[in-house]
Amino acid sequence: MEAAGPRSRDARGRAANQPGSRAEKSPPESRKVYMDYNATTPLEPEVIQAMTEAMQEAWGNPSSPYPAGRKAKEIINAARENLAKMIGGRPQDMIFTSGGTESNNLVIHSVVKHFHKIHAAVGDTAERPSPVEGALPHIVTCTVEHDSIRLPLEHLVEEQVAEVTFVPVSKVNGQVEAEDILAAVRPTTCLVTIMLANNETGVIMPVPEISRRVRALNQQRAAGGLPGVLVHTDAAQALGKRRVDVRDLGVDFLTVVGHKFYGPRIGALYVRGLGELTPLYPMLFGGGQERNFRPGTENTPMIAGLGKAAELVAEKCEAYEAHMQAVRDYLEERLAAEFGERVHLNSQFPGTERLPNTCNFSIQGPRLQGRLVLAQCRTLLASLGAACHSDHGDRPSPVLLSCGVPLDLARNAIRLSVGRGTTRAEVDLVVQDLKQAVARLEGQA
């Protein structure tokens, strides 16, 4: 079966609006198949409807008392509830942001500021110096994080505002090991930030184990007069593809990105016990919206769309996951059947769980760099890896190299990521397209 169950009228409508769907009326030679859903997803029809209705009926300022303003406030509150339900959290712990980059930066900004605030307070009241007095805050992360984590941290290091340890991932399983994360913690450590799923390989990181180990460590730190370490996960790639529950993950912060699960290009941040258990400091100051944590007049239509996308995930995540995994597995079977031992599945690590929709592979050959293969494809729409690295030319992915993929294979890598409406027929078209692209490249003198 291609899907977990019969496709509904809504699902058929969604497929008709997606890139590469069979409902598109175009000549066979111009047919395109989109397999870059880890980069972005189209909007679900229900999401478009929710956004349209908000623009028409809830155009008022959500802080205003007249009907259009009250309607906007109701929509925002409902969206917050849907987001919380999607991740197993509380509505009051959700803050709307412009997207994942802002959410990630807000976490980093907050923990650094909190470090300085608590140690300034200790210095003012303690009879003896703090164990970390005068030291810079320290953050632990891993080598395969998204740029919206890596670059802010590198900036803090350059500005001598913080110290950062980038823990390598295992070349055996593509994961960062909890033991290595704990070994990197120092007395000055204030944050551990580890993505939930890697955007290039799909590898699921052991975030629950890391959180559990950090909580145990925090008990020891408290006895020694040290502040606790907070845990953040960027869940951008995992949401909408597998069930995500903050209670199971045990994290203090979780980043939500709407356009990765068929929603609009805004995001949210979950903060466990916002303002009570977990600190958050605003980067912006203004009218006091979002309880002053993220001021600015709310973007009601986008929030409405994000809430609807979250509602769909909460209701249908298991069906989405089953369908995507079946199609992804079929894709990998077809690649193996067509290219044999020449194809290397870069995202398959023994015993390691990965996203159900992600296939990172290389076809071995001196002329088959991923960029060149994609340029020869006439049907497939895909990318080499992270969309933000699309201008890096033939430079191999640092993520793949970190995971132990050899240089020649990393240079040839292509990432395919299937979606909710991807079909086996489309897989067949893509594999045939890849076969012809490889033949054209190898036929060149």
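Q: Which way does H3 pass H9, in a left-handed or a right-handed crossing?

A: A crossing is left-handed if the near helix is turned anticlockwise from the far one by less than a right angle, and right-handed if clockwise. Here H3 passes H9 in a left-handed crossing. This is a predicted model, where local features need pLDDT of at least 70, side-chain atom pairs count only at pLDDT 80 or more, and totals for chains, interfaces and linings use all residues. Residues are numbered from 1 along each chain as its sequence is written, and side-chain values use heavy atoms, without hydrogens and water.

Q: What kinds of residues make up the contact of H3 with H9?

A: Contact means heavy atoms within 4.5 Å. H3 brings residues including Ala-72, Ile-75 and Ile-76, and H9 brings others, among them Ile-303, Ala-304 and Gly-307. They divide into 12 nonpolar, 3 polar and 2 charged; Ala, Val, Leu, Ile, Met, Phe, Trp, Tyr, Cys and Pro count as nonpolar, Asp, Glu, Lys and Arg as charged, and the others, Gly among them, as polar.

Q: Where does the largest cavity lie?

A: A cavity is a set of points on a 1 Å grid over the protein atoms alone where a 1.4 Å probe fits but cannot get out, and its lining residues have an atom within 4 Å of a point. Domain 1 (29-43 + 317-444) and domain 2 (93-296) both give residues to the lining of the largest cavity, so this cavity lies between them. Its lining has 13 residues, with Thr-41, Lys-241, Lys-260, Tyr-262 and Met-324 nearest the centre.

Methods. Helices (H or I, at least four residues) and strands (E, at least two) are DSSP runs, numbered from the N terminus. On a 1 Å grid over the protein atoms alone, a cavity is a set of points where a 1.4 Å probe fits but cannot get out, and a pocket is an open set with protein on both sides within 12 Å along at least five of seven lines; lining residues have an atom within 4 Å of a point. Domain bounds come from an automatic or database domain assignment.
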